[in-house]
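Trainee: Could you show me how to read a few features of a protein model? I'd like the general idea and then the actual case.

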Amino acid sequence: MPTSRPLGGPTDDEPDGLFDLAELRTGPTPPSSAAPRTSRKPLFRDSVEARRMLAVREIHAEPGAAASPRGRQILAAFPDAEVVPVDSHWRIPDLHGNKGNAERWVRIKSTVLVLGEKKTLTVRPNGRSADWIAPGAANGCAMACAYCYVPRRKGYANPITVFTNVDRIIARLRRHVTGLGPKREPNQCDPAAWVYDVGENNDCSVDALISENTADLVHAFARWPTAKASFATKFVNPDLLLLEPRGRTRIRFSVMPPDDSRLLDIRTSPVEQRIAAAGDFLEAGYEVHFNLSPVVIRPGWETAWADLLRHMDDVLPAAVKEQAAAEVIMLTHNRDLHDVNMEWHPRAEDAIWRPELQQAKRSENGSLNVRYRNAIKAEAVETVRRLVTAHAPWLTVRYAF
């Protein structure tokens, strides 16, 4: 039997990148370093519903990623998938930059997976949602929100890329947390803990259907008393309730009016289900916040948001309300993404592509985006704040932009 050891530590008898990828399926699956499961019930990720979300048939894999303990676990989880060796998770001609993939946008997200290794382990300052942006353990998503900014860098397809060297990511975070020491002054991110966004370009709840990366991150932060992990999600994954976050992971359920969500949040959990899950996640040891995001200006939007906030006030337990806070994020869109959406979901663009209301905005990575014009945006943000005060006065708005 193999000896249990930390993920990523090499041994003399382990395959390396020179082995054929097919050989990696034949050996025993290495053990996970994640927190132990507290239930022997079947996992949600093995359910029919989860397999509809991710029916992986094709895995593009860097040899080193596939040969790693985490990579071998993932290959074992999808034994029927074709494994295609690639030199780089960023440079896959059949996926990235192939305009013909636009019409297959959703199918690619559900059937294709990419395995790579995270090369740059940068911890970036943020100051809005979190104090710091952690190096992500994944990139891309199996859901298909029409406004998502992540695919703008990846061409005409945006399947999940799982980074298999999560051990190095956690080690980098450990050094960063230790180097900071205790947080000395409260800020809008948190009054006492350094907050690290661990899901900037991915949805950690969906990633947990694939591997233990999310569990490993939750487990790591549970041991660090001066820091918290944080991630936004539009997917309710009951498997996360089996972890032990001990108050050190903040889950932010993104919500919007249900009619907007049915049009724009393709393949996500219904908004009502996200709200209903808040109490369970709080009871399981998570801090539970909300993202009011994105706010889309359309006829009747103020009434729709008022209805949503009243619903939250009606159904959320008192314990959730006592610790809840929210972020308000106005819609930002992108011309290239607009063109992609027109190939597979043009009806969404009727709501989110509004040139008469929008202006150009250069993003931090150089992309040319569009957002609501300054005066329109400022008025809308103030409207949302008033609606929260009127219908959910217990909900602290941490920031709005």
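Trainee: Is leucine 316 buried or exposed?

Mentor: Buried means under 20% relative accessible area, exposed means over 50%, and partly exposed is in between (1.4 Å probe, protein chains only). Leucine 316 has 6% relative accessibility, so it counts as buried. Keep in mind that this is a predicted model, where local features need pLDDT of at least 70, side-chain atom pairs count only at pLDDT 80 or more, and totals for chains, interfaces and linings use all residues. Residues are numbered from 1 along each chain as its sequence is written, and side-chain values use heavy atoms, leaving out hydrogens and water.

Trainee: Where is leucine 316 placed, and which residues does it touch?

Mentor: Helices (H or I, at least four residues) and strands (E, at least two) are DSSP runs, numbered from the N terminus. Leucine 316 is in the loop between helix H10 (301–315) and helix H11 (318–323). Contact means heavy atoms within 4.5 Å. Not counting residues up to four places away in sequence, leucine 316 touches Ile275, Ala278, Phe290, Lys321 and Trp394.

Trainee: How many residues of helix H7 are buried?

Mentor: Eight of the nine residues in H7 (residues 213–221) are buried, so this helix is largely enclosed by the rest of the structure. Among the buried ones are Asp216, Leu217 and Phe221.

Trainee: Now salt bridges. How many does the structure hold?

Mentor: A salt bridge is a side-chain nitrogen of Lys or Arg within 4 Å of a carboxyl oxygen of Asp or Glu. The structure holds 20 of them. Take glutamate 287 and arginine 250: their closest N and O atoms are 2.8 Å apart. That pair links distant parts of the chain, with glutamate 287 in strand E13 (residues 287–295) and arginine 250 in strand E11 (residues 249–255), 37 residues apart. Both glutamate 287 and arginine 250 are buried. They also belong to a salt-bridge network with Asp190 and Lys228.

Trainee: Which helix holds both aspartate 339 and arginine 335?

Mentor: Helix H12 (residues 335–344) holds both, four residues apart, about one turn of the helix. Aspartate 339 has a relative accessible area of 34%, so it is partly exposed. Arginine 335, at 44% relative accessibility, also counts as partly exposed.

Trainee: What about aspartate 265 and arginine 274: buried or exposed?

Mentor: Both are buried. Aspartate 265 forms a salt bridge with arginine 274, the closest N and O atoms being 3.1 Å apart.
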